[in-house]
Amino acid sequence: ATVTRAARPSARTAATSALRTSKLTSPASSTRLFSSSPRWDKQKLVILGSGWGGYEVLRKVDKKRYDVTVISPNSYFAFTPLLASASVGTIDYNSALEPVRRFHDITYYQAWADKVDFARKQLVCMPATGSSTRKRINASISDATDSSVQPTASFPGYKPFEISYDKLVIAVGCYSATFGIPGVSANGYFLKDIRDSNKIRSRILECFELASQPTVTDVERRNLLSFAIVGGGPTGVEFAGELHDLTTTELAKAYPKLSLLVNITIYDVAPGILGSFDKSLAEYATAKFVREGIQIKGSRHVTAVHEGYLEIKEEGKVPFGLLVWNTGLAPNPLIQSIKDLQKDEKTQSLKISDTFNPVTNEGKELKDVFVIGDASALKEKLPATAQVASQEAHWLSKILNADARGQDPPGGFTFHNRGTMAYLGDWSAILDRSQVKEGPKGELTGRTAWLAWRSAYWLQALSFRNRVSLAYHWFATWLGGRRLSRF
Ligand code: FAD
């Protein structure tokens, strides 16, 4: 029904569309897109980002009452807690993704929002398609320098364009922090998106193939099979656990001699790992890793990263075959470019009210703009997690829907902590519910926590298809192991 309506717009809709598209400044604007024709009676809601915040708003917002446009360089939502599993092939990468184009009654542009003009309610966007995108995406997940990367080809669809909004949701997340340490982006791998998972998986297998070459010396072989993880937070720890699973099962069978040379090490500036978890759980994880031969080197300061080796203040040159860098978050360049709104001093995220409105430098709330997820900072300091982003998005959808339906607003947002989890490998996990206010409190470790971890993520999968796919891949991995083909 939606397609029919879009294909045969009413005279009034067409008139509105012509009015709106005439505002676009790029040459592309001369081609009117039927899918972007806004309805007369609907407000235009533009959502920036298709991650935990943006995608949840897209799911929950009343699309009969809003003319929704999503702008995101990713044409999918990535279920980030499963990225570590995807990076070793425990699950197929598609099981962790949901396509934005699943929604047929919205407009989607695969593009970056580069500038926001809050006074004119307009955005400047840059297409995120083709070769320029690849360059830019690489920049985006590494150093926050991507706005300098401009499309080079004069292909149709490469040109920047402007788009207007009535209401704007900014859910662009953060980038990976490198703290200005030279060589990280060029020589290390981040684990922030599904593209990273694929690159990491490919590099792990490449290291084993390189180490199998007849020309490689014993020292080179050892170096290639040294896997360095910088950052001992939950992501680094989960990746170490998943990598250990892979190297001690399928890779140990496929490369029996090489697997004896594998060395997995976690480096962190803090004395230990999992600082955000309860101390006893962090100790449990540490003891388990030490037993399994995963080295934990705390109080280490990486000063530079080169091709094939790290420079560590306390150790000198440390060779590696693969380096995975996970040391926290840096602000998104779009957020950096915004000068007229207040920012949190520490995170540089946009300060927001409990109805998610950002605050101008003069102290006024911007009523038609909403910021959620990692890009936002509430007064009550909340962690940058999927849990927070999706709860904020859920609440924001209620606010938007109530507004469109002329109902009373649902009031301010309160975060409900549901606990934190981390997979440690070998069917073991930790679950920290010591800080939760509702439901059973306490901590779990080992197989029971692993069961809770898997069940929670299975239940949280956003489509029936992905639930089936996840169950299938977990079962197939258990039964037949992970696949080792490299493309
Ligand atoms: P994101 O989910 O990062 O989404 C940002 C979106 O904006 C993306 O679609 C991006 O492409 C898009 N975007 C970026 N720039 C622009 C632009 N200029 N214009 C338009 N779109 C743009 N949290 C948990 O609670 N539990 C976990 O187990 C957990 N595990 C994690 C594991 C990994 C490997 C990672 C990386 C994170 C994990 N997190 C976890 C943290 C969680 O994923 C983030 O806190 C969450 O993704 C934040 O949601 P967001 O919507 O703010 O940003």
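1. Ile 266 has Ile 296 of S13 as its bridge partner, and the two strands concerned, S12 (residues 263-267) and S13, run parallel and are joined by 3 bridges. Strands here are DSSP runs of E with at least two residues, and helices are runs of H or I with at least four residues, both numbered from the N terminus; two strands count as paired if DSSP finds at least two bridges between them.

2. On the basis of the note: this is a predicted model, in which local features need pLDDT of at least 70 and side-chain atom pairs count only at pLDDT 80 or more, while totals for chains, interfaces and linings use all residues. Residues are numbered from 1 along each chain as its sequence is written, and side-chain values use heavy atoms, with hydrogens and water left out.

3. S12 and S13 belong to an open sheet of 5 strands, ordered S10-S17-S11-S12-S13 with parallel pairing. Strand S10 (189-190) and strand S13 (295-297) are the edge strands, each with a single partner strand, so one side of each has no neighbour in the sheet. Helix H9 (residues 234-248) lies across strand S11 (226-230), S12 and strand S17 (322-325), and runs at about 175 degrees to S12. Contact means heavy atoms within 4.5 Å, and angles, from 0 to 180 degrees, are taken between N-to-C directions of axes fitted to C-alpha atoms, for helices over the stretch in contact.

4. Another open sheet has 7 strands in the order S7-S6-S5-S2-S1-S8-S20, with mixed pairing. Its edges are strand S7 (161-164) and strand S20 (369-371), each with a single partner strand, so one side of each is left without a neighbour in the sheet. Neighbouring strands of this sheet are turned against each other by 35 degrees on average, direction ignored.

5. Within that sheet, strand S1 (residues 43-48) and strand S8 (residues 167-170) run parallel and are joined by 4 bridges; the bridge partner of Leu 45 in S8 is Lys 167. Helix H3 (residues 52-60) packs on the sheet, touching S1, strand S2 (66-72) and S8, and its direction makes about 150 degrees with that of S1.

6. The second largest pocket has a volume of about 640 Å³. A pocket is an open set of points, on a 1 Å grid over the protein atoms alone, with protein on both sides within 12 Å along at least five of seven lines, and lining residues have an atom within 4 Å of a point. Its lining has 22 residues, with Gly 89, Asp 92, Arg 201, Arg 483 and Phe 487 nearest the centre. H15 gives the largest share of this lining, 5 residues. Domain 1 (2-176 + 329-404) and domain 2 (184-327 + 419-480) both contribute to the lining, so the second largest pocket lies between them; the domain bounds come from an automatic or database assignment.

7. There are 2 cavities of 30 Å³ or more, a cavity being a set of grid points where a 1.4 Å probe fits but cannot get out. The largest cavity holds about 50 Å³ of space, and its lining includes Phe 77, Glu 98 and Asn 466. Strand S4 (97-99) and helix H15 (464-480) each supply at least two residues of that lining.

Note on methods:
Points joined across faces, edges and corners; volume = space filled by probe spheres on them.
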